[in-house]
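The sequence and the structure come first.

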Amino acid sequence: MDKLVYTAATALRAHMSSQAAIANNMANVSTTGFRADRVVFDRIELKGGGAQIEARAPTSEEVTDADRSPGVISRTGRALDVAMAGDAWMAVQASDGSEAYTRRGDLTIAPSGVLQTGDGFLVMGQSGPITLPPASSVTIGGDGTISIVAQGDATGTPQIVDRLKLASTKGTDTVKGLDNLLRVRGGGTLPADLDAKVEGGALEGSNVNMTQALIDMIENQRAYEVSANMMKSAKDMDESGASLMRLPS
């Protein structure tokens with residue numbers, strides 16, 4: 001009986017976690033460069049008394065990674081918009097100061113001159129966060145090179161000031177965090193990929209499939225109800241057994 005209750009309770013927690021992940025995906029269907037949370041299920045085996053009981057439904061899960069499939073790239077014509085090509089990721093400085101990686105390319109220049117993503121993370125260059133001097137125009141090349149025409153420069157000659165740090169995740173164990181940034185699992189940084197490319201004047205959209213997300217939500221809700229009914233049945237059987245024990249002899 002305890003095994004049945006444990007299995008049902010664990011399944012309920014698992015499906016609640018799954019529902020939160022699905023809801024987060026749906027909320028970010030329009031977020032630039034968003035990668036959908038992927039929920040990984042692990043089967044729990046309960047052993048005891050010479051018998052082995054396997055849960056019939058997934059009973060343990062956590063959001064451990066993101067769907068790596070690309071989103072749709074749309075042309076914007078904006079000079080500071082970039083879409084990473086292939087499996088390239090752009091390095092940014094996370095809130096804790098560590099280096100992390102994103103596919104979000106809607107870049108802006110803060111009043112202080114630092115280059116940041118649309119969600120406020122500082123963009124990393126060849127030697128740290130990128131800071132741009134006052135300029136009349138800024139362009140980003142296909143290799144991530146950032147060029148400016150300085151204010152007051154009558155010649156209009158572009159000058160290279162830095163280059164986006166672009167990295168590849170191939171061969172490295174990476175994981176998505178709650179801030180939607182990718183990190184090297186266990187710490188560390190990815191080396192710059194000098195062959196990585198970006199598409200200027202374009203943005204990659206979210207890779208969330210709303211239709212699939214709705215289907216996942218319905219299926220998860222049904223599975224939750226099954227687990228809840230199983231727990232209720234276990235409680236009813238426990239109460240029935242206790243009632244029998246109290247019968248007068």
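Setting aside neighbours within four places in sequence, Glu204 is in contact (heavy atoms within 4.5 Å) with Thr32, Gly33, Arg35, Pro70, Gly71, Val72, Ile73, Ala83 and Arg103. The model is a predicted one, in which local features need pLDDT of at least 70 and side-chain atom pairs count only at pLDDT 80 or more, while totals for chains, interfaces and linings use all residues. Residues are numbered from 1 along each chain as its sequence is written, and side-chain values use heavy atoms, with hydrogens and water left out.

Glu204 lies in strand β19; helices (H or I, at least four residues) and strands (E, at least two) are DSSP runs, numbered from the N terminus. The relative accessible area of Glu204 is 1%, so this residue is buried. Buried means under 20% relative accessible area, exposed over 50%, and partly exposed in between, with a 1.4 Å probe and protein chains only.

The side chain of Glu204 makes a polar contact with the side chain of Arg35 at 2.8 Å. A polar contact is a pair of N or O atoms within 3.5 Å; within protein, one must be able to donate a hydrogen and the other to accept it, and residues adjacent in sequence count only if both atoms are side-chain atoms. A polar atom of the Glu204 side chain also lies 2.7 Å from the backbone nitrogen of Gly71.

**Salt bridges**

Side chains of opposite charge can pair when their charged atoms come close. A salt bridge is counted when a side-chain nitrogen of Lys or Arg is within 4 Å of a carboxyl oxygen of Asp or Glu. By this rule there are ten salt bridges.

| Pair | Closest N and O atoms |
|---|---|
| Arg35 and Glu204 | 2.8 Å |
| Lys165 and Glu99 | 2.6 Å |
| Asp173 and Arg185 | 2.9 Å |

Arg35 forms a salt bridge with Glu204. This pair links distant parts of the chain, 169 residues apart: Arg35 is in the loop between α1 (2-27) and β1 (37-42), and Glu204 is in β19 (residues 202-204). Arg35 and Glu204 are both buried. Together with Arg103, they are linked in a network of salt bridges.

Lys165 forms a salt bridge with Glu99. Here the partners are 66 residues apart, with Lys165 in the loop between β14 (159-163) and β15 (166-168) and Glu99 in strand β8 (residues 99-102). Lys165 and Glu99 are buried as well.

Asp173 forms a salt bridge with Arg185. The two are twelve residues apart, Asp173 in the loop between β15 and β16 (174-176) and Arg185 in the loop between β17 (182-184) and β18 (198-200). Asp173 has a relative accessible area of 45% and is therefore partly exposed. Arg185 is also partly exposed, because its relative accessibility is 44%.

**The chain as a whole**

The secondary structure comes to two helices and 19 strands. The chain has 249 residues, of which 39% count as buried. Of the contacts between residues at least 6 apart in sequence, 63% join residues at least 24 apart.

**Nonpolar cores**

In soluble globular proteins, nonpolar side chains tend to be buried together. A nonpolar core is a set of buried Ala, Val, Leu, Ile, Met, Phe, Trp, Tyr and Cys residues joined through side-chain atoms within 4.5 Å. The largest such core has 18 residues, and those with the most contacts inside it are Leu107, Leu115, Ile140, Ile146 and Leu164. At least two residues of this core come from each of β6 (82-84), β7 (88-93), β12 (135-140) and β13 (145-150). A second, separate core of eight residues includes Ala91, Tyr101, Leu182 and Leu190.

**Strands around β13**

Five of the six residues of β13 are buried, so the strand is mostly covered. Strands pair if DSSP finds at least two bridges between them. β12 and β13 pair in the antiparallel sense over five bridges, and Ala135 stands opposite Ala150 in β13. Their hairpin has four residues between the strands, and Gly144 takes a positive phi near 90° there. β13 and β14 pair in the antiparallel sense over four bridges; the bridge partner of Ile148 in β14 is Gln159.
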